[in-house]
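This report looks at how one protein chain packs, and at a few of its residues. Keep the sequence and the structure in view while reading.

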Amino acid sequence: MHGYNFCIKKVLPCDVEVLRELSIASFRETYHAHNTKVDMELHNDKHFNLRQLLGEIEDKGNWFFIAEVDNIPAGYIKLRTSERPASLQGLKHIELERIYALKRFQGAGLGKLLLHKCIDTGIKNGYEVLWLGVWKQNEKAIAFYTKQGFSIFAEHTFILGKDQQSDWLMKKALNP
């Protein structure tokens, strides 16, 4: 993987500040060109403040993992079980709510490594389906997920700041 040393570790409450910095930086890199500064700030203030993140880390229905490259935080994932899409009713499912890698580490295999951590976590915890929402305009991400065996099964609205955006919901069966 391009000479990098990767490490994925579970996020603990003591990691909340690192998670916050990584969340804001990776989200900004991914979406700043497509959204207003005000909407980005509203999103970051609501979802990436220390109290919110600490509560999410401590919630037993969530799993966070940070990926480090040569001991530098480079990306992270958040899995959660609280969302319940109607079309997945009857299946034990887990959502990949967030998967982000800093731009300088993209293309080095980090996204694939993080996604495999999600799949492994889902299988180890008895889930049948891994699913996610992806912005309809993020063609690069849609292509990545499709290549990894995900398929579109529904759509929903995502609010970024005050802007309503449309996401595809994609799923992948988890076969142990």
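The model is predicted, so local features rest on pLDDT of at least 70 and side-chain atom pairs on pLDDT 80 or more, while totals for chains, interfaces and linings use all residues. Residues are numbered from 1 along each chain as its sequence is written, and side-chain values use heavy atoms, without hydrogens or water.

**Cores**

A nonpolar core here is a set of buried Ala, Val, Leu, Ile, Met, Phe, Trp, Tyr and Cys residues joined through side-chain atoms within 4.5 Å. Buried stands for under 20% relative accessible area, exposed for over 50%, and partly exposed for values in between (1.4 Å probe, protein chains only). The largest nonpolar core has 44 residues, and the members that touch the most others are Leu-19, Tyr-76, Leu-96, Leu-110, Leu-130 and Tyr-145. At least two residues of this core come from each of helix 1 (16-31), helix 3 (50-58), strand 2 (62-69), strand 3 (72-80), strand 4 (93-101), helix 4 (110-124), strand 5 (129-135) and helix 5. Helices (H or I, at least four residues) and strands (E, at least two) are DSSP runs, numbered from the N terminus. A second, separate core has five residues, among them Leu-88, Val-129, Phe-153 and Leu-169.

Contact means heavy atoms within 4.5 Å. Apart from neighbours within four places in sequence, Leu-110 is in contact with Phe-6, Ala-67, Val-69, Ala-74, Gly-75, Ala-101 and Phe-105.

**Helix 1 and helix 3**

How do helix 1 and helix 3 cross? Their axes come within 10 Å, at an angle of roughly 115 degrees. That makes helix 1 roughly perpendicular to helix 3, a class that spans 65 to 115 degrees. Axes are lines fitted to C-alpha atoms over the stretch in contact, and angles run from 0 to 180 degrees between N-to-C directions. Helix 1 contributes Val-16, Glu-17, Leu-19 and Arg-20 to the contact, and helix 3 contributes Leu-50, Leu-53, Leu-54 and Ile-57. By class, the contact of helix 1 with helix 3 has six nonpolar, no polar and two charged residues. Ala, Val, Leu, Ile, Met, Phe, Trp, Tyr, Cys and Pro count as nonpolar, Asp, Glu, Lys and Arg as charged, and the others, Gly among them, as polar.

**Single residues**

| Residue | Relative accessibility | Class |
|---|---|---|
| Ile-94 | 0% | buried |
| Thr-121 | 7% | buried |
| Asp-70 | 36% | partly exposed |
| Asn-71 | 68% | exposed |
| Lys-147 | 70% | exposed |

Ile-94 is in strand 4. Beyond four places in sequence, Ile-94 touches residues including Trp-63, Leu-79, Val-129 and Trp-131. The C-alpha atoms of Ile-94 and Trp-131 are 6.4 Å apart, although 37 residues separate them along the chain. Thr-121, in helix 4, touches Trp-63, Phe-65 and Leu-79 when residues up to four places away in sequence are not counted.

Lys-147 lies in helix 5 (residues 139-147). Its C-alpha atom is 27 Å from that of Ile-24, 123 residues away along the chain.

**The loop between strand 2 and strand 3**

Asp-70 is in the loop between strand 2 and strand 3, and Asn-71 is found in the loop between strand 2 and strand 3 as well. Most residues other than glycine have a negative phi. Asp-70 is not a glycine, yet its phi is positive, at about 50 degrees. Asn-71, also not a glycine, has a positive phi of about 70 degrees.

Technical notes
Angles under 35 degrees count as roughly parallel, over 145 as roughly antiparallel, 65 to 115 as roughly perpendicular and the rest as oblique.
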